[in-house]
Amino acid sequence: MSDKPRRSLAVAITGASGALYAVRTLAALLERGYRVELVVSDFGRRLLTEELSVPADKLLPYLSRSYGSAVERGVLQLHSNKDLGAGIASGSHGCEGMAIVPCSMKTLAGVAHGLSRNLVERAADVMLKERRPLILVPRETPMSLPQLRNMVSCAEAGAMVLPAMPAFYQKPERLEDLADFMAGKILSALGLVHDLYPPWKG
Ligand SMILES: Cc1cc2nc3c(=O)[nH]c(=O)nc-3n(C[C@H](O)[C@H](O)[C@H](O)COP(=O)(O)O)c2cc1C
């Protein structure tokens with residue numbers, strides 16, 4: 001038996017449309033054996049039930065049914081968004097990076113201003129102060145000037161703003177193909193190799 005510590009990443013699901021992007025990303029990380037420290041905001045929970053009919057605490061069986069039992073190679077740990085004492089609230093915790101997918105404009109504003117009002121915002125703030133990858137996947141259209149400015153602030157602080165804008169060059173046929181594209185972009189941003197979408201061949 002290997003005693004190599006499991007690598008860990010944080011994922012947050014907040015109240016923007018696009019729950020499918022979140023579950024595809026979770027499945028891809030779990031298949032790779034990661035410990036995923038998951039935080040779901042109240043509106044993120046609402047999105048999961050409205051868009052996918054899955055409660056946050058039933059995500060692992062849902063992922064296993066939808067993407068196969070390989071997701072059980074990983075560990076999914078769900079934290080309360082109120083638990084500011086969770087490991088990922090501290091820079092001393094070994095979490096290597098974080099993706100907020102989807103990222104609501106409200107949470108993005110909180111990250112832009114370092115508010116740390118809940119675990120999602122605090123864990124994101126930790127990523128920025130520790131200079132670890134923080135990937136924000138906003139979904140809103142059109143965007144107001146304050147929203148655009150908040151995205152600039154996040155980018156200036158070191159986050160990657162990776163909007164939920166799937167491409168069409170890979171000729172998607174199903175919604176899943178669009179989710180694969182976005183999850184692949186997130187994995188690439190976290191430095192992970194994947195084959196979730198075909199690379200562009202010029
Ligand atoms: C069904 C539904 C869809 C929503 N879609 C979006 C969205 O796409 N983008 C966004 O920024 N906010 C969206 N909102 C609004 C956010 O959920 C709301 O601002 C909430 O306070 C965000 O809180 P959170 O960041 O803690 O999850 C939506 C709300 C609901 C109920």
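A residue is near a molecule or strand if its C-beta atom, placed from the backbone, lies within 6 Å of it. This is a predicted model, in which local features need pLDDT of at least 70 and side-chain atom pairs count only at pLDDT 80 or more, while totals for chains, interfaces and linings use all residues. Residues are numbered from 1 along each chain as its sequence is written.

The ligand is surrounded by 15 residues, and the closest are Gly15, Ala16, Ser41, Phe43 and Ser104. Helix H2 (42–52) and helix H4 (105–112) are the elements that give two or more residues to this shell. Helices (H or I, at least four residues) and strands (E, at least two) are DSSP runs, numbered from the N terminus. H2 supplies the largest share of the shell, four residues.

Strand E1 (residues 8–13) is largely enclosed by the rest of the structure, because six of its six residues are buried. Buried means that 20 or more other C-beta atoms lie within 10 Å of the residue's own; exposed means 12 or fewer, and partly exposed is in between, with C-beta atoms placed from the backbone. Ser8, Ala10 and Ala12 point one way from E1, and Leu9, Val11 and Ile13 point the other way. In a regular strand the side chains alternate between the two faces of the sheet.

E1 has parallel partners, where pairing requires that DSSP finds at least two bridges between two strands.

| Partner of E1 | Bridges | Residue pair |
|---|---|---|
| E2 (residues 35–40) | six bridges | isoleucine 13 and valine 40 |

Glutamate 173 lies in the loop between strand E6 (160–161) and helix H7 (175–189). Glutamate 173 counts as exposed because it has 8 C-beta neighbours inside 10 Å.
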